[in-house]
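Here's a quick tour of a model, going from its surface to its side-chain pairings. Have the viewer open as you read.

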Amino acid sequence: MDKVAITLSIVCASIAVVTGTALPKDERSAVSNASDNGNCDTSKWSKSKDGSQSPVPQYYCTKSSSTISNPFAAVVGIGAPDGSPVRENDQRYLQRAQHLVQARTALDNTKQESGIGVNFVNETGGGGLPQTNHNQKVALSVFALGLPGGSNMWGINTDVHMHAGVGNYPFYGREADHTNFNRDYAPGGTVAFGDYLTFTGLPMTAGIEMSGNPSPGSKSLYYGILFQGKAGFTEIGTGLISDATIVDGSNSRSSIKIYGRHSDVINSYDADVDRIITAKPGQKVCFSGVSHCVSFNAATNALELNDGRFIVSDKGIAAPSLPASGGKIKGSLCVDLSGNIFVKTTAGPCL
């Protein structure tokens, strides 16, 4: 059978499709959509659609230059500072790239399509050699260097924009799938992480920040972070996480610090749990800052309010006598083990 080959000129990077047999009809149609030499002008777009500031590029191609000089209209993430719609072919919001790929889907929902695909197989460098950070095998590496005179910088920026009226299908900003058929990577042994963040040098603002620009009267997210069970959020107790959903082993001043307006800080109403908070002896739970703290005394087997006003133990509730006033001992309101309430007028605990 004849081979099918399409090659762009030197202005556009070469794209070749070579197979041993003729391509199916729908895939031949996709190849024909590649731009020719005269259609590699990506400096124009059609127009914004209602409910979106995203332009629609007119042409689809792969293009490279010796400098960052290829103009293009990014399909997401551009727009006037005041949020007004972008006019057709508004040159103020063009972006520039040194290597540019503009792609569009062309096949039905039985085919997967990607703007850029990287297939990477790691099969060398192992054996008896030590595993270090200098023999990493990486499918896609991004190195960004900030120097004096530079501007705002991102290592990677993913910007996904859903048009109004698209319909009922999901979309994801980023998906990271990790499949392990090798061994159990338990804590304390060889590590395996979904996302591995490391930080070096002077302090930075945060490891992860979430912010947004919600529509008026709305919110950007239903959940800030969602940990799902095996079959989704509605299935309870299924085996995604074994030991702890969040572990904090740092020395930060506060493990969790809450700002904003909330109805609850911790809401366990729908949870099937035995203990909401677990603390060891001597650890305090405080109210009104640190002026009223409750802790458990293991020596006396008692729950104590640390300013000494009451003690709850296996003997009941004890309230120390109040100080003397006018030469008389004030009484202490006490409760015995039978639930009887009485006033104790002598010094010392109730029981």
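## Nonpolar patch

A nonpolar surface patch of about 1,200 Å² is built from Leu 197, Phe 199, Met 204, Ile 208, Met 210, Leu 221, Ile 225, Phe 227, Leu 240, Ile 241 and Ile 246. Patch members have over 30% relative accessible area and no salt bridge, with nonpolar side chains (Val, Leu, Ile, Met, Phe, Trp, Tyr) joined within 5 Å and like charges within 9 Å. Areas are Shrake-Rupley values with a 1.4 Å probe, and for residues only the protein chains shown count as cover.

Take Ile 225: it sits in the loop between strand S4 (99-101) and strand S5 (284-287). Strands here are DSSP runs (E, at least two residues), numbered from the N terminus. Ile 225 is exposed at 60% relative accessibility (exposed is over 50%, buried under 20%, partly exposed in between; 1.4 Å probe, protein chains only).

## Ground rules

This is a predicted model: local features need pLDDT of at least 70, side-chain atom pairs count only at pLDDT 80 or more, and totals for chains, interfaces and linings use all residues. Residues are numbered from 1 along each chain as its sequence is written, and side-chain values use heavy atoms, leaving out hydrogens and water.

## Salt bridges

There are 2 salt bridges (a Lys or Arg side-chain nitrogen within 4 Å of an Asp or Glu carboxyl oxygen). Asp 195 pairs with Arg 174 at 2.7 Å, N to O. Both lie in the loop between S4 and S5, so the pair ties together parts 21 residues apart in sequence.

## Disulfide

Cys 286 and Cys 293 form a disulfide, sulfurs 2.0 Å apart (the cut-off is within 2.5 Å). The S-S torsion of Cys 286 and Cys 293 is about 110°, so the disulfide is right-handed.

Notes:
Helices (H or I, at least four residues) and strands (E, at least two) are DSSP runs, numbered from the N terminus.
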